[in-house]
Amino acid sequence: MPPQFAYPAAIGDFIAALLAFTAIPVVLKNRPVARPMVWIFNVVGTLDLIMAITLATIYKAPVYMGASYWIPAFWVPALLVTHYIVFVVLTRFDKGETK
């Protein structure tokens, strides 16, 4: 696995996970800082996925993935869709729309 892809991808995933796990209890307790924390997580998570896709393409990482190729083939598109849905929900909530 090319380290030019592997290290940034691992660090980005770790940061996104930390932000997500930090936001979960704040959202559950309905704190005022919950929405900004979800925005930060969603932006960082989306940028991490875009960066990973770009670096994987540049450094030809799929060649080294073997059987774990299902991760970028299935999970990355699924995560991009869920990030998009969260952006839609956040922008509707910010505009005051309930549905």
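Helices are DSSP runs of H or I, at least four residues long, numbered from the N terminus; buried means under 20% relative accessible area with a 1.4 Å probe, protein chains only. This is a predicted model, in which local features need pLDDT of at least 70, side-chain atom pairs count only at pLDDT 80 or more, and totals for chains, interfaces and linings use all residues. Residues are numbered from 1 along each chain as its sequence is written, and side-chain values use heavy atoms, leaving out hydrogens and water.

Within H1, pick Phe5, Ala9, Gly12, Ala16, Ala23 and Val26, its buried residues. Move on to Asn30, which follows H1 and has a positive phi, near 55°.

Next, select Ala56. Leaving aside neighbours within four places in sequence, Ala56 is in contact (heavy atoms within 4.5 Å) with Phe5, Ala61 and Pro62.

Now the pockets. A pocket is an open set of points on a 1 Å grid over the protein atoms alone, where a 1.4 Å probe fits, with protein on both sides within 12 Å along at least five of seven lines; lining residues have an atom within 4 Å of a point. Select Asp13, Leu49, Ala52, Ile71 and Val76: of the 23 residues lining the largest pocket, these lie nearest its centre. H1, H2 and helix H3 (70-95) each give two or more residues to that lining, and H2 has the largest share, eight residues.

Finish at the second largest pocket, whose lining includes Asn30, Arg31, Val38 and Phe93. H3 gives the most to this lining, five residues.

Terms used:
Buried means under 20% relative accessible area, exposed over 50%, partly exposed in between (1.4 Å probe, protein chains only).
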